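Dear colleague,

I am handing over the structure below, and I would be glad if you could look through it before reading my notes on what was found.

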Amino acid sequence: MRKRSNRTRAALTIVTAAVLGLAGCGAQGGGSPAPKDSRTRGTAPAPAWNRSPDSIAAVGDSITRGFDACTVFSDCPEVSWATGSDAKVDSLAVRLLGVTGAAQRSWNYAVTGARMADLPEQMAQAAARRPELVTVMVGANDACRTSASAMTPVPRFRAEFEEALRTLRASLPKTQVYVASVPNLKRLWSEGRTSPLGKQVWKLGVCPSMLADADDLTGAATRRRDQVQQQVVAYNRVLQEVCATYRRCRFDGNAVYDYRFDTDQLSHWDWFHPSRDGQARLAAIAYRTITA
């Protein structure tokens with residue numbers, strides 16, 4: 001009995017040592033390191049989206065140039081929703097950078113009349129400034145052609161937008177992009193046609209695919225406007241889908257398209273482009289999207 005008891009105690013000693021040894025490996029870093037206390041873990045990676053960028057470059061078309069917001073058929077970049085200095089507009093740049101910062105660290109490369117095909121070159125110009133944020137508002141002129149049949153085909157629109165984003169990413173992979181949707185052109189027609197002056201200005205060639213023969217409500221005219229509107233919807237789908245493929249890109253969720261512009265937000269020179277009030281609304285939409 002004594003020998004068996006001795007053997008039993010010896011076996012228990014070996015098993016106990018083995019168990020303690022295994023526990024020691026896990027707790028003290030023998031064969032594998034012990035897990036770190038949550039308080040001593042490394043700093044979490046920075047978020048993918050910076051809600052307070054320190055510099056802004058704007059690309060796009062006449063809307064971003066403040067066209068017809070101050071004088072007839074003229075750019076007025078000081079009221080631009082993206083980079084303007086006008087206090088009534090309270091542009092995106094002023095909201096994010098302050099008045100002094102906006103004057104020093106925001107740049108407007110938008111061009112009146114620009115289409116998506118012009119965006120890669122504008123992006124290259126913007127990239128040279130090395131901004132932390134680039135704003136994009138383009139596409140209205142791709143729909144505003146001499147006729148509905150002359151509108152930019154959707155596949156080409158997509159390819160050109162992809163090229164523009166590649167141009168930026170090639171030199172500035174960490175720069176963020178805000179993409180505004182194309183406005184609801186049919187809504188602008190509906191509101192603007194209440195002005196006799198506006199309809200006379202439209203005859204000079206403002207967005208003829210949508211605005212020509214503004215009071216023509218025949219089936220053919222209605223189908224033409226619907227075709228333009230469907231193209232705008234397709235463009236916005238492209239903007240959303242392409243933007244979604246880039247981690248540092250935010251689409252406005254069709255906020256600009258859905259905004260119900262009325263005559264107070266339309267230029268009283270052409271009753272189509274945004275007024276100061278309209279530019280302020282665009283600035284507010286962009287700021288909400290970027291800081292969300």
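Does Gln265 count as buried or exposed, and at what relative accessibility? Gln265 counts as buried because its relative accessibility is 3%, where buried means under 20% relative accessible area, exposed over 50% and partly exposed in between, with a 1.4 Å probe and protein chains only.

Please keep in mind that this is a predicted model, in which local features need pLDDT of at least 70 and side-chain atom pairs count only at pLDDT 80 or more, while totals for chains, interfaces and linings use all residues. Residues are numbered from 1 along each chain as its sequence is written, and side-chain values use heavy atoms, with hydrogens and water left out.

Gln265 sits in the loop that runs between helix H10 (255-258) and helix H11 (276-291); helices are DSSP runs of H or I with at least four residues, numbered from the N terminus. Beyond its neighbours within four places in sequence, Gln265 is in contact with residues including Tyr259, His273, Asp277 and Arg281, contact meaning heavy atoms within 4.5 Å.

Helix H11 also packs with helix H2 (residues 92-105), at an angle of about 65° and with the axes 7 Å apart; axes are lines fitted to C-alpha atoms over the stretch in contact, and angles run from 0 to 180 degrees between N-to-C directions. On the H2 side the contact is made by Leu92, Arg95 and Leu96, and among the H11 residues are Ala280, Tyr287 and Ile290.

Technical notes:
Helices (H or I, at least four residues) and strands (E, at least two) are DSSP runs, numbered from the N terminus.
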